[in-house]
Amino acid sequence: MLNVGKIEEGFVLDHIPAGKGMSVFYHLGLDHMDCMVAIIKNARSGRLGRKDIIKVECDIDLLNLDVLAVIDHTITVNVVKDGEILEKRTLVLPKELKGVMHCKNPRCITSIEQELPHIFYLADPEKEIYRCKYCDEKNSEKM
Amino acid sequence: MEKIGKNGKPLRHLMTPLDMSVEELEELFDLAEKIKNDPDGYAHICDRKKLATCFYEPSTRTRLSFETAMLDLGGKVIGFSDASSSSASKGESVSDTIRVISCFADICAMRHPKEGAPMVAAGRSTIPVINAGDGGHQHPTQTLTDMLTIRSLKGSLDGFTIGLCGDLKFGRTVHSLVNAMLRYPANKYVFISPEELKIPSYLRAKLIEMKVDFKEVERLEDVLPSLDLLYMTRVQRERFFNEEDYVRLKDFYVLNKKKLELAPKDMLVLHPLPRVNEISVEVDDDPRAVYFKQVQYGVYVRQALIVTLLGLV
C-alpha cells in the first residue's frame, strides 16, 4: 500500500479517471509551479475500479480549477486548509476558457496570428460543447 | 463595461446579424426606409466622416456597396482592396492594422479570408468595425440586405413560407439568413437541395429543438406553389462527389420561366449574387425576380448601419 502524507493547505483531487492524472497536471499548470505535488496513478477505487489522485500543497487561491470540469466534471475537489477539508467543491463548466483548448480550424484567424489567445465559449452545456470565440468551430481537442 | 469610441460615444461593432436585437433591427430597417425615401435628407449626415474599407481579399460588390453608402451620406472613403496592397503583406497583425486605421477613419468595414479576423480587430479598435465577410463564417450585411428586401417588399419579416434552394451545406448566406429569421417565430422553411448539399446537422438540430416548421426536399417544382419567398443559391460542380450526380441534379436547381409559372404571383425570388446559371436570364424581367433590387437595398441597409454605429441618429 502506497501512502502519501496529509497536506496542510491545498487541494486533493480525487476520482480522476485512471490515466487522466497527467492531463490534469499539465492543464492546471502544475508543471510550472514550485509547490509540492503528488500524483498517484491507478489507485484502487470502489466507484471507478481504478482512479488517479493528485495532491497539491499550495495557497488555495492560487489555482484556477475551471479546466477540471472540462476534463471530467465527476472529479472530486477537496479544498484543504489547516490540515482539514474546508469544502468539497462542485465542478461547473466555465462559460469561457482561455489558453486551454487550441483551435484546429485552418481557416481561423488564430492559425496565422500566433500571439492571439485561443478562447473558447461554452456553446452547449448539456453536450459539453465548446466553440472557438473567433470562428465558432467546435473544439476537437481531447482533454 | 461599455467601451467608448474615439468620438466619445458608446462603441458598437457588427460581427453577426445576431449582434442586434429584433427591436434594434426594426429601428435599423426603419432608418434604411427613411434614407431610401429621402436621400437628400441624409446626403450630409456623414460630412467630414471617413469610412475605411479594409479588404484583405477582393470583393468588388460588397466594397462598392459600402463605398456608395458612405459617399451618398456625404462621407469620404479610404482603404485597400486586397492584402497585397496593405501592411499585412509585411506581416502586420490585424490588431496593429486596426489601431492605425482607428487614427485615420471614423468607421471601418473589414473583409478578411480568415474567420474571426474582424472580431480580433473589434477587440482593439476605437472606431466601429463592421464585418464585411470573414471567410465562410459570417457576412452580416448580406443577411441584413436580405431581410430589408423582404421587409420592404413584403411588409414584414414574419409569417412566410421561405424556400431556400441550392447549396445549403456550405452556403453561409443561407445559414446566416435562417439563424436571423428564426427570431420571427411564424415563419416556415422548405430546404431544397440534393442529398449531398443538405443543411448542416447543427442547423437541423436547432430547428428541431426550436420546434420550427420545416421540411427538406429534393425537387424545386414540388414545393414552388407553396412558397412566399424563394432564396436561390448556386450549386457548384466541385461540391459533388461524382460527375454523374452533378449532371443528374444540376438542372433541378435552375430556376427558369417554366418553373416560375408554378409559383404564386406574389412570391419573391432572392439571390445573394453573383448568379451564374442557377437563374435563367429569362426570369430577370419577371416582377417576382428582385435580386437586383436586393443590391440597391444593400446600399440602404449599409447606410443605415453606418449612421447607427456612428451614433448620428
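How many residues does the contact take from chain A and how many from chain B?

1. The contact takes 14 residues from chain A and 14 residues from chain B, where contact means heavy atoms within 4.5 Å. This is a predicted model, in which local features need pLDDT of at least 70 and side-chain atom pairs count only at pLDDT 80 or more, while totals for chains, interfaces and linings use all residues. Residues are numbered from 1 along each chain as its sequence is written, chains are lettered from A and ligands numbered from 1 in the order in which they are written, and side-chain values use heavy atoms, with hydrogens and water left out.

2. The area buried between chain A and chain B is about 1000 Å², and carbon and sulfur atoms give 55% of this figure; buried area is the accessible area (1.4 Å probe) that two parts lose on being put together, summed over both. Of the area that chain A buries against chain B, Arg107(A), Ile109(A) and Tyr134(A) supply 42%, more than any other three residues.

3. The secondary structure of chain A comes to 2 helices and 8 strands, which run β-α-β-β-α-β-β-β-β-β from the N terminus on; helices (H or I, at least four residues) and strands (E, at least two) are DSSP runs, numbered from the N terminus. The C-alpha trace of chain A spans about 50 × 30 × 25 Å along its principal axes, and residues 24 or more positions apart account for 59% of the chain A contacts with a separation of 6 or more.

4. Of the 143 residues of chain A, 47% count as buried, with buried meaning under 20% relative accessible area, exposed over 50% and partly exposed in between (1.4 Å probe, protein chains only). The accessible surface of chain A comes to about 8300 Å², and 49% of it belongs to carbon and sulfur atoms; such areas come from the Shrake-Rupley method with a 1.4 Å probe, and for residues only the protein chains shown count as cover.

5. Met22(A), found in helix α1 (residues 21–27) of chain A, counts as partly exposed at 32% relative accessibility.

6. Within chain A, Lys104(A) and Glu141(A) meet in a salt bridge (3.7 Å, N to O). This pair links distant parts of the chain, 37 residues apart, with Lys104(A) in the loop between β6 (96–98) and β7 (119–124) and Glu141(A) in the segment after β8 (129–132). Lys104(A) counts as exposed, at 52% relative accessibility.

7. In chain B, Asp30(B) forms a salt bridge with Arg151(B), the closest N and O atoms being 2.7 Å apart. Asp30(B) lies in helix α1 and Arg151(B) in helix α5 (residues 140–154), so the pair ties together parts of chain B that are 121 residues apart in sequence. Asp30(B) is partly exposed at 37% relative accessibility, whereas Arg151(B) is buried at 13%. Salt bridges that share partners join Glu26(B), Asp30(B) and Arg151(B) into one network.

8. Helix α6 (residues 172–181) of chain B is mostly covered, with 10 of its 10 residues buried; among them are Arg172(B), His175(B) and Asn179(B).

Key: Salt bridge = Lys/Arg side-chain N within 4 Å of Asp/Glu carboxyl O.
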